[in-house]
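Let's take a walk through this one together, starting with a charged pair and ending in the core.

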Amino acid sequence: MDEDGSREEPLGRLVAVAGHLATQRWSQLLAERYRLTPAGMRVLLVLDREGEITHRLLADRCFIRPGTLTGVVDTLEKAGYVRRERGDGDRRAVRLALTEVGAAHAREIIALTHRSRPLTSVDADPARAAVIRQFLLELISNLSRERTSDEPRG
């Protein structure tokens, strides 16, 4: 790792590169095994955790804009993974839910992400893994907070 000077790289850059490479690997696996994109996977996992929810809430939980979510949900609906349900009182109110196939895929993906095999020698050590987990959770929280505070209110 030292040969290319990566030990001198700023931590933020290393996080970005690791995230990019992990996204590439996941994208390939999701496309080959489930015909999903990373955004589609996030939708399935959020719906699995939250149950039936509104389009806007799902977009917030997936960290994407509602307009972007529409195309993702269209694709998932055509694949038979998600269904849209209109409210009886207000036909404009759309709630989203998993189909049986979508729920099965979500459970398989969750099992993959919770596998017991460590990704590196660092996360094989529970104490070191706890520090990494704390760092990443705080980073995600800070970046999410910055994202919402930068967006126009309306």
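Is Glu50 buried, partly exposed or exposed? With a relative accessible area of 30%, Glu50 is partly exposed (buried is under 20%, exposed over 50%, partly exposed in between, using a 1.4 Å probe and protein chains only). Before going on: this is a predicted model, where local features need pLDDT of at least 70, side-chain atom pairs count only at pLDDT 80 or more, and totals for chains, interfaces and linings use all residues. Residues are numbered from 1 along each chain as its sequence is written, and side-chain values use heavy atoms, leaving out hydrogens and water.

Glu50 has a salt-bridge partner in Arg61, with the closest N and O atoms 3.1 Å apart (the cut-off is a side-chain nitrogen of Lys or Arg within 4 Å of a carboxyl oxygen of Asp or Glu). Arg61 sits in helix 3 and Glu50 in helix 2, 11 residues apart (helices are DSSP runs of H or I, at least four residues, and strands are E runs of at least two, numbered from the N terminus). Arg61 is partly exposed too, at 35%.

Now look at Glu52, which forms a salt bridge with Arg95, again with closest N and O atoms 3.1 Å apart. Glu52 lies in the loop between helix 2 and strand 1 and Arg95 in strand 3, so this pair ties together parts 43 residues apart in sequence. Shared partners also join Arg49, Glu50 and Arg61 into one network.

What about the inside? The largest nonpolar core has 26 residues (buried Ala, Val, Leu, Ile, Met, Phe, Trp, Tyr and Cys joined through side-chain atoms within 4.5 Å). Helix 2 gives the most to this core, with six residues.
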